Every structure is written in structure tokens, then in C-alpha cells.
Amino acid sequence: MSPRVALKILLSIVFALIIFHLCILLKIIPYEITWGGRLTNDTEMYVFETVSLLINLYLGFILLIRGKFIRQYLASSIVNISLWVFFALFVLNTVGNMLAKTNFEKSFALVTLMLSLLIWVILRSKKSKYASI
């Protein structure tokens, strides 16, 4: 798979995740099916979902920079370090989702595994390949 295709798939998934977290914040989707079924009240949900939303927005921002879709507001080293951190987080999150209480969240292990693999494809590519993206 090319880094360009991986980047576009990642951006699509991140956009869908942003919509998902917004739906939880707006109580369209019940929060009981997220966070391993461990959230006990609305306050916890608002905190956890706001953090998740901000993290996903940051990942989308980093991917847009890496793909040259927007002006590079951050140094390349920060973009690359951020992608490595997200890679590690998604690998760990895959394990966490497999241990979740709800089947719905267990199914997200596939999503986080895919995110890990797509980020790996981008990280392994040479930076010069992104000049044409």
C-alpha cells in the first residue's frame, strides 16, 4: 500500500472517529458502550470524550500536515514524533479494546489495529514521497 493511500484512509477513519465522539458527547450514542464500559456518569463521559475528540483532531491535523494538505505549522520532527506516539497509543489501545467489557468496544480493536498499520506505512515511507501528495 502506498503512503498516499494509507494517509487518505487514515484521514477518513479519523474523520469518522471525530463524528463518533461528537455523537457520544451529544448523547446520540450511549457512553455505556465506550471506554470498556467503565464510565459511571455524565461528568466522566464529558471529560473522556472531550480528551478523545481533541486527540483525534490533533491526529487529523498532523496527518493533514504530513500529507501536505495544509501548510506546515509544526516542525517535521514534531510531526514524526507525534506519529510515533500515535502508533504506540494505537497498538496499546488495540490490546485495551480486546480486553473491554462490551462487544461493541472489542470490535474497535480491529479499527485501532488498522490505524496502527496505516501509521506504520506512513512512518516507513521516505519523507520525499510526500512532496507530491
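Me: Which residues of the largest nonpolar core touch the most other members?
Reply: They are Leu10, Leu59, Leu63, Leu83, Ile119 and Ile122, in a core of 30 residues. A nonpolar core is a set of buried Ala, Val, Leu, Ile, Met, Phe, Trp, Tyr and Cys residues joined through side-chain atoms within 4.5 Å; buried means under 20% relative accessible area, exposed over 50%, and partly exposed in between (1.4 Å probe, protein chains only). At least two residues of this core come from each of H1, H2, helix H3 (76-98) and helix H4 (103-124), and H1 gives the largest share, 11 residues. Helices are DSSP runs (H or I, at least four residues), numbered from the N terminus.

Me: What does Leu10 touch?
Reply: Leaving aside residues up to four places away in sequence, Leu10 touches Leu63, Leu115, Leu118, Ile119 and Ile122, where contact means heavy atoms within 4.5 Å.

Me: How far may these values be taken?
Reply: The model is predicted: local features need pLDDT of at least 70, and side-chain atom pairs count only at pLDDT 80 or more, while totals for chains, interfaces and linings use all residues. Residues are numbered from 1 along each chain as its sequence is written, and side-chain values use heavy atoms, without hydrogens and water.

Me: New topic: how many salt bridges are there?
Reply: There is 1 salt bridge (a side-chain nitrogen of Lys or Arg within 4 Å of a carboxyl oxygen of Asp or Glu). Lys27 pairs with Asp42, with 2.4 Å between the closest N and O atoms.

Me: And Asn97, buried or exposed?
Reply: Asn97, in helix H3, is buried because its relative accessibility is 5%.
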